[in-house]
Amino acid sequence: MIPAAFDYYRPKDLAGVLALLREHGDDARVMAGGHSLIPMMKLRMAEVPHLIDLQDVPGMSEILISDGKIRIGALVTQYEIIAHEGLAQSAPILREAAMQIADPQVRYMGTVGGNLANGDPGNDMPGLMQCLDAQFTLVGPDGERSVAAREFYEAAYLTARTDDEVLTEITISAPTGGYAYEKQKRKIGDYATAAAAVQITQSGGRCALASIAMTNLSDVPVWSQSAGSALVDTEVGGDAIKAAVAYMLDEIDPTEDNRGPVAFKRHVAGAILTRAIQRAWSRA
Amino acid sequence: MPEKLHIKLTVNGKAEEFLAEPRELLIHTLRERLRITGPHIGCDSSHCGACTVTLNGKSVKSCTMFVGQANGAEITTIEGLGTPDALHVLQESFREHHGLQCGFCTPGMITRAAKLLEENPSPSEEEVRFGMAGNICRCTGYQNIVKSILAAAAEMNASKEAAE
């Protein structure tokens, strides 16, 4: 399959990217690994008259960890997330999630920034970053601003990022306690039927803090404050988990598609979240 | 008509230079422009891995990369791994252990497996299955593919030890 014709640019710095975005407006798109955009262009479901490849832009490919802060450049690939030992120490949920994204070849190309900025409800990183309360750095013509992951997603493929801005970096506080990323998918490379990101801290055998988000069960990721609160001050037994699952099921809004009818997705969501909470608690 | 790109690539050690439309996909560059037909087009949608090549040390699906993205890159295809007279250890092992039936997926399988063994010279069976998850075979059920890769790893490690 051959996409419609386009002009291709590979600017050497962010200023060059922003200048192209200003010049071409809606007709331009930035691309990192391209593994979401190129298949859509080949199917001619996406038309991009001006394609801006970010691969030569410096300063967007680093993972920096200091003083409990983790900064991940938007061009860091899923492969690099998995391979980074420091990150596996500071935030092991990132490796656990990245290993469940796509397949090895796609992970060499697919980036954290692309996964987050695309706004596809099926992508895993948005829910994960909401669980971790990440901040996204956006750079545009008026300079730099920061948007919380929990405020970033508005609808499918619609985010707080404006057309003339680029997502450059993700910042998180190193999480503490137990973690789990649990994902049900039909086959390797598929998007989730349901996926859950859970971080739990415990104190004296009881849950002190819990953060819970789920993926591909609404047109945006679902971070549920009440689901997390349902675990706090409990021993995370069967009743507490049931309560957390019930709050989450109240907030998701799955639609029927080739992964199954709504009732099935709600069932899978409950099972996956239960497993994720149990595993995170066992590691807390 | 968009401006053509001035592309320079090194493919299997040979320098290539040409002008190409930006929408040219790397798999088409290899197969149609350079007549390197080892990488195959299977699904054409980045699922099957038959088009896998090694690009700057990464296994990539060449059906999902524009030629401009690969500009300046070093690329290895199955043709760069072995020749009919001097097969790569993996090629010999796939033959020995019947790691193929129709053979359509094999160039991608072996190219990917070569990179996998470079990163992890002594993988477990589970690590082979995880590392090969981006390559689909519709004939073998994978058992003999995994067996071939594990045998090649053992063979490569044995000859490395013998050389030391």
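Two strands pair if DSSP finds at least two bridges between them. Strands (E, at least two residues) and helices (H or I, at least four) are DSSP runs, numbered from the N terminus. The model is predicted: local features need pLDDT of at least 70, side-chain atom pairs count only at pLDDT 80 or more, and totals for chains, interfaces and linings use all residues. Residues are numbered from 1 along each chain as its sequence is written, and chains are lettered from A and ligands numbered from 1 in the order in which they are written.

**Exercise 1. Describe how strand S2 of chain A pairs with strand S3 of chain A, and how the chain gets from S2(A) to S3(A).**

Step 1. S2(A) covers residues 28–31 and S3(A) residues 50–53; four bridges join them, and they run parallel.
Step 2. Take one bridge: A:Arg29 has A:Leu51 of S3(A) as its partner.
Step 3. Right-handed means that, with the strands pointing away from the viewer, the path from the first strand over the helix to the second runs clockwise.

**Exercise 2. Find the strands bridged to S10 of chain A, and explain why S10(A) is largely enclosed.**

Step 1. S5(A), residues 69–73, is joined to S10(A) by five bridges, antiparallel. Here A:Lys69 is partnered by A:Ser173.
Step 2. S6(A), residues 135–140, is also antiparallel to S10(A), with five bridges. Here A:Leu138 stands opposite A:Leu167.
Step 3. Now count burial. A residue is buried if 20 or more other C-beta atoms lie within 10 Å of its own, exposed if 12 or fewer, and partly exposed in between, with C-beta atoms placed from the backbone. Six of the eight residues of S10(A), residues 166–173, are buried, so the rest of the structure largely encloses this strand.

**Exercise 3. Check the length of helix H12 of chain A, then locate its buried face.**

Step 1. The expected span is 1.5 Å times one less than the number of residues. H12(A), residues 262–282, has 21 residues and should span 30 Å; its end C-alpha atoms are 30 Å apart, which agrees.
Step 2. List the buried residues: A:Lys265, A:Ala269, A:Ile272, A:Leu273, A:Ala276, A:Ile277, A:Ala280 and A:Trp281.
Step 3. Look down the axis of H12(A). The buried residues fall within an arc of 160°, so they line one face of the helix. The arc is that of the directions from the helix axis to the C-beta atoms.
Step 4. Turn to the face away from the buried side: it carries the exposed residues A:Ala263 and A:Ser282.
Step 5. Name the packing partners. The buried residues pack against S11 (178–184), S12 (194–203), S13 (206–215) and H11 (238–251) of chain A.

**Exercise 4. Characterise the surroundings of A:Val268.**

Step 1. A:Val268 lies in H12(A).
Step 2. A:Val268 has 19 other C-beta atoms within 10 Å, so this residue is partly exposed.
Step 3. Contact means C-beta atoms, placed from the backbone, within 7 Å. Neighbours within four places in sequence aside, A:Val268 is in contact with A:Gln184, A:Thr193 and A:Ala194.

**Exercise 5. State the phi and exposure of A:Asp133.**

Step 1. A:Asp133 is not a glycine, yet its phi is positive, about 55°.
Step 2. A:Asp133 sits in the loop between H8 (125–131) and S6 of chain A.
Step 3. A:Asp133 has 16 C-beta neighbours inside 10 Å, so this residue counts as partly exposed.

Terms used:
Contact = placed C-beta atoms within 7 Å.
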